[in-house]
Structures are given as structure tokens and as C-alpha cells.
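User: Please take a close look at a single part of this model, the loop and the sheet beside it. A connected account of the contacts there would be welcome.

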Amino acid sequence: MKFFTIVSAVLVAAMAITSATAAADIAADPDSACRCPNNCSHKFGDSCKFYDNGNVISGSCGNGNGGLTCLT
């Protein structure tokens, strides 16, 4: 029984880490989704995601707003 408790605890911890990592990959706004400091490696045409009114918006990086921004 202890074995299953330990395995369950490890799986729950792994799922929590995965969820936190996935949430961290979504930017707060369209500009941050394609620019430094967190997304410096993004190039024109790369996929991007950002939050808008609590919703996750997907797009691709394109020219706009003084540099790369996430366009939908």
C-alpha cells in the first residue's frame, strides 16, 4: 500500500510541475510573446501564445508595434 501512495505522490508532483511549466510558456501580452527578455530567440513566423482577458490566444510572430509581436 505504501508503494502506491509513494507512486501517486510522485505522479501528482510531476503533473504540477508540468502544468506550471506550460503556464510559464504563455506570455502576458502580444509583444512579450515574441520579444526579450523571455522570448529573445523568437523569429518572424514562429508560433506564440499570450493571455487576453483570461483567454489563451495563439498566433505567430510578425512585424508590428515597433518590433516583433504575436499576430493572430
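**The loop residue and its surroundings**

Analyst: The backbone oxygen of Ala33 lies 3.4 Å from a polar atom of the Asn39 side chain, where a polar contact is a pair of N or O atoms within 3.5 Å; within protein, one must be able to donate a hydrogen and the other to accept it, and residues adjacent in sequence count only if both atoms are side-chain atoms. This is a predicted model, in which local features need pLDDT of at least 70 and side-chain atom pairs count only at pLDDT 80 or more, while totals for chains, interfaces and linings use all residues. Residues are numbered from 1 along each chain as its sequence is written, and side-chain values use heavy atoms, with hydrogens and water left out.

Asn39 belongs to the loop between helix H1 (2–24) and strand S1 (47–52); helices (H or I, at least four residues) and strands (E, at least two) are DSSP runs, numbered from the N terminus. With a relative accessible area of 16%, Asn39 is buried, a term that means under 20%, with exposed over 50% and partly exposed in between (1.4 Å probe, protein chains only). Not counting residues up to four places away in sequence, Asn39 touches Ser32, Ala33 and Cys34, contact meaning heavy atoms within 4.5 Å.

Cys34 in turn touches Asn39, His42, Cys48, Cys61, Leu68, Thr69 and Cys70, with residues up to four places away in sequence again not counted. The largest nonpolar core has 8 residues: Ala27, Ala33, Cys34, Cys48, Phe50, Cys61, Leu68 and Cys70. Such a core is a set of buried Ala, Val, Leu, Ile, Met, Phe, Trp, Tyr and Cys residues joined through side-chain atoms within 4.5 Å. S1 and S3 are the elements that give two or more residues to this core.

The open sheet has 3 strands in the order S1-S2-S3, with antiparallel pairing; two strands pair if DSSP finds at least two bridges between them. S1 and strand S3 (67–71) are the edge strands, each pairing on one side only. Strand S2 (residues 55–64) pairs with S3 over 5 bridges in the antiparallel sense, and Cys61 stands opposite Cys70 in S3. S2 and S3 form a hairpin with 2 residues between them, and Asn65 in the turn has a positive phi of about 60 degrees.

Strand S2 also holds Val56, which counts as partly exposed at 43% relative accessibility. Leaving aside neighbours within four places in sequence, Val56 is in contact with Ile26, Lys49, Phe50 and Tyr51.
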